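Dear colleague,

I am handing over the structure below, and after it you will find some notes on what turned up when I went through it. Please keep the structure open beside the text while you read.

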Amino acid sequence: MSELIVGLAGNPNVGKTTVFNRLTGMRQHVGNWPGKTVERAEGHFKHGEYEYNLIDLPGNYALSAHSIEEIVSRDFIVDDDSDVIINVVDAANLERNLYLTVQMMELGANLVLALNMNDFAKKKKHIIDIDLMSELLGFPIIEINAKTGEGIDELLTTVEKQAANPIDSSVKLSYGNEIKGHLREIQEVIEKDDSLMDVPSIWTAVKLLEKDSIVIEKVQKSKYSSEIFIESDKVSKHLYDVFKESPEEVVANARYAFIDGLMAEAVERPAVETETISDRIDNIVTNRILAIPIFFILMFLMFEVTYTLGEPFENLIAQFFTILANFAAGFISNPYLESFICDAVIGGVGGVLTFLPIIIIIFLFLSVLEDCGYLARAAFTLDIIMHKLVGLHGKAFIPMILGFGCGVPAIMATRTLENEDDRRLAMMLVPFMSCTARLPIYAVFIAAFFTEHNGLILLSMYVLGILVALIVAAILKRTMFKGLSTPFVMELPSYKVPSIKGVLLHTWEKVKGFLRKAGTVILVCSMVLWALSMFPLGVKYASAESYLGMIGNFIAPIFAPLGFGTWQATVAIISGLAAKEVVVATFGTISGMEGDENTGRMNHVLHDLFTPLSAYAFMAFTLLYVPCIGTIGAIRHETNGYKWALTMCAITIVTAYIVSFLIYNVGLFLGFG
Ligand SMILES: Nc1nc2c(ncn2[C@@H]2O[C@H](COP(=O)(O)OP(=O)(O)OP(=O)(O)O)[C@@H](O)[C@H]2O)c(=O)[nH]1
Ligand SMILES: [Mg+2]
């Protein structure tokens, strides 16, 4: 068996990961918005006599040195010994997609083009002459449908042929005589140095004109460096004199000219583009006036439906745990063991698991919204109003909206932001978005205090998170991150009917994560909390005299101005640092399970500790304060250090304190106490 190393490259949201998952049987994240894959994923499979090592690369529009993902992709093409690069292309947006193809040709990549999304191209009445185009480009083009698997087998056979006879795809590139001649002048000096010839000289020449920092650094090491720089400076100056444009623009225009020529030869398009259903829906959904109300109505409906559907199941699970606790209590004679099983395990972990149904339903909703393409529009919608106000890029909202699911992938998704400052700013904001781990907290408090307006109160938490994030962004943008954002036009993916399998898979992955947490972090925390509530020996379980009570009482005065200066609330907040669900597990452990029905018992305890107003302030605090360890770790990892992780912790704590203080005190003033 021979081994083949194959990379999947292309623009964002063209179906690369769909192809990858189909071939490898893996379950990398597929979704309908640009920029899902931020790290390369690797998978293995066999086809015929070949053993494939397939690498799913992040989506790119270009191969510049501006953003991490672009560097990841081009390093792969340059450094790794890949045999073939499959360039997945959206047939309905061929022109834009080919811009990347052309840059891979500059790199001389051994390419096979996989023409995907043909269903959309057909709807737009684009007719592509595949044979002609393949001849013009100099490498094979295969029509595929990543979703159904059509053409995939042919794609693989072609890849195998191409691996046996690799080509230098830079050969067929032509940038017009003027530019070609000048590039040639630079190329000749470059070609003197063998150490620079691991990539085609045209790539190095073009990148020098584009002032690519990484290529410049590499050339500096060459013994011909001064000669090369003199030549490229000379050409840059000359191009400017001739075209009155910067060399970067000249190069970009040359690429587009090549693509235009290609399109004119090989693609037939209607004179007036037909308006697709997607366009028609967008006219309404992203309409200046309607967009925001539609966004909130959709969110509100989502929460209402979640509650209505989830509640009966929630009660069932709660009853199950009560029966289980009573059953266990009847069996176990040792009072300590009984308390451990009933209070720590069933009270703590069971208390959190009760909310599994609403978590599943919310995840289902989010997955559908994501896969159909609405989530990307929601980001766009918020962009319309906030760009000027906050000075933050529309693209930054995608990670933020992802934060509704979980902070960790949301932090990873900030990689799509080109400007480092924008990226760090987005990382500071993601923790304010209400992730699903906060849901059990809201659920418990809403059940205890706000049953009449459950959907509305829940919506208000999400909106509070967004509002606070925007205000904090506006402040940070004027103090810490003064740099200008790079302008960027956000492109919208076309609407797609989400596949049931995809949605179920997404939901299951997330639910699995939640269950895993219940069995690990939440269980361990519940056990520690139980032990601290039990000892020193002889005190009443979970009383102020227990160790837990003593620790809580020591810190509680800090929270008194926010309306919840009790030791129980304090301990819940501290233990919530491990995972936000643990806040609920804490109340569960403290209130125990014996006797009363689960939620009833917890309600009782909560009513002793909170008023509706202080409960709301507490919910706001748990929404906004330091996110879980996982998110802090993700920021540390993404920024290579503790500085930004700690900055984020400081920002979130201060913000949470101020906001909760305002809610409680303004509330008191208005007579809500
Ligand atoms: N209609 C249609 N949809 C497709 C086709 N191929 C993929 N999709 C859908 O397109 C969306 C994007 O697919 P992904 O595989 O995540 O795209 P990607 O290229 O990996 O995107 P990034 O990771 O963001 O770069 C998903 O909703 C897929 O289900 C196709 O041929 N036709
Ligand atoms: Mg992908």
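Predicted model: local features only at pLDDT ≥ 70, side-chain atom pairs only at ≥ 80, totals over all residues.

**Leu 57 and the loop around it**

Leaving out residues up to four places away in sequence, Leu 57 touches Leu 8, Ala 9, Lys 16, Thr 37, Arg 40, Ser 73 and Phe 76. Leu 57 lies in the loop between strand S3 (50-56) and helix H2 (68-79), and with a relative accessibility of 0% it counts as buried, because buried means under 20% relative accessible area.

Pro 58 lies in that loop between S3 and H2 too, and Pro 58 is likewise buried, with a relative accessible area of 0%. Again setting aside residues up to four places away in sequence, Pro 58 touches Gly 10, Lys 16, Thr 37, Val 38, Glu 69, Val 72 and Ser 73. Both residues belong to a stretch that an unreviewed UniProt entry annotates as "binding site", covering Asp 56, Leu 57, Pro 58 and Gly 59.

**A further annotated stretch**

The unreviewed UniProt entry also places the feature "binding site" at Gly 35, Lys 36, Thr 37, Val 38 and Glu 39. Glu 39 lies in the loop between helix H1 (16-24) and strand S2 (41-47), and, apart from its neighbours within four places in sequence, Glu 39 is in contact with Asp 56, Met 412, Arg 415 and His 637.

In helix H1 itself we find Asn 21, which is buried, with a relative accessible area of 14%. Beyond the residues up to four places away in sequence, Asn 21 touches Met 26, Arg 27, Gln 28 and Val 30.

**The domains**

The protein is divided into domain 1 (2-172), domain 2 (176-268) and domain 3 (292-487 + 509-669). The centres of domain 1 and domain 2, taken over C-alpha atoms, are separated by 25 Å, and the contact takes 28 residues from domain 1 and 23 residues from domain 2.

How many residues of helix H25 (residues 581-591) are buried? The helix is mostly covered, with eleven of its eleven residues buried, and among them are Val 582, Val 583, Val 584, Phe 587 and Ile 590.

Pro 627 has its place in the loop between helix H27 (612-624) and helix H28 (629-639), where Pro 627 is buried, with a relative accessible area of 2%. Its contacts, not counting residues up to four places away in sequence, are Pro 431, Leu 577, Lys 580, Ile 632, Met 648 and Thr 652. Pro 627 and Lys 211 are 416 residues apart along the chain, and their C-alpha atoms are separated by 40 Å.

On the surface, Val 654, Ile 658, Phe 661, Leu 662, Val 666, Phe 669, Leu 670 and Phe 672 form a nonpolar patch, which together has about 860 Å² of accessible area. One of these residues, Leu 670, lies in the segment after helix H29 (643-669), and Leu 670 is exposed, with a relative accessible area of 56%, because exposed means over 50%.

With best wishes

How values were computed: Residues numbered from 1 in each chain as written. Chains lettered and ligands numbered in written order. Heavy atoms only, no water. Patch = residues over 30% accessible without salt bridge, like charges linked within 9 Å, V, L, I, M, F, W, Y side chains within 5 Å. Areas by Shrake-Rupley, 256 points an atom, 1.4 Å probe, with all protein chains shown as cover. Salt bridge = Lys/Arg side-chain N within 4 Å of Asp/Glu carboxyl O. Helix = DSSP H or I, 4+ residues; strand = E, 2+ residues; numbered from the N terminus. Buried < 20%, exposed > 50% of the residue type's maximum accessible area, 1.4 Å probe, protein only. UniProt positions renumbered as here; feature names shortened; annotations may be inferred. Contact = heavy atoms within 4.5 Å. Domains from an automatic or database assignment.
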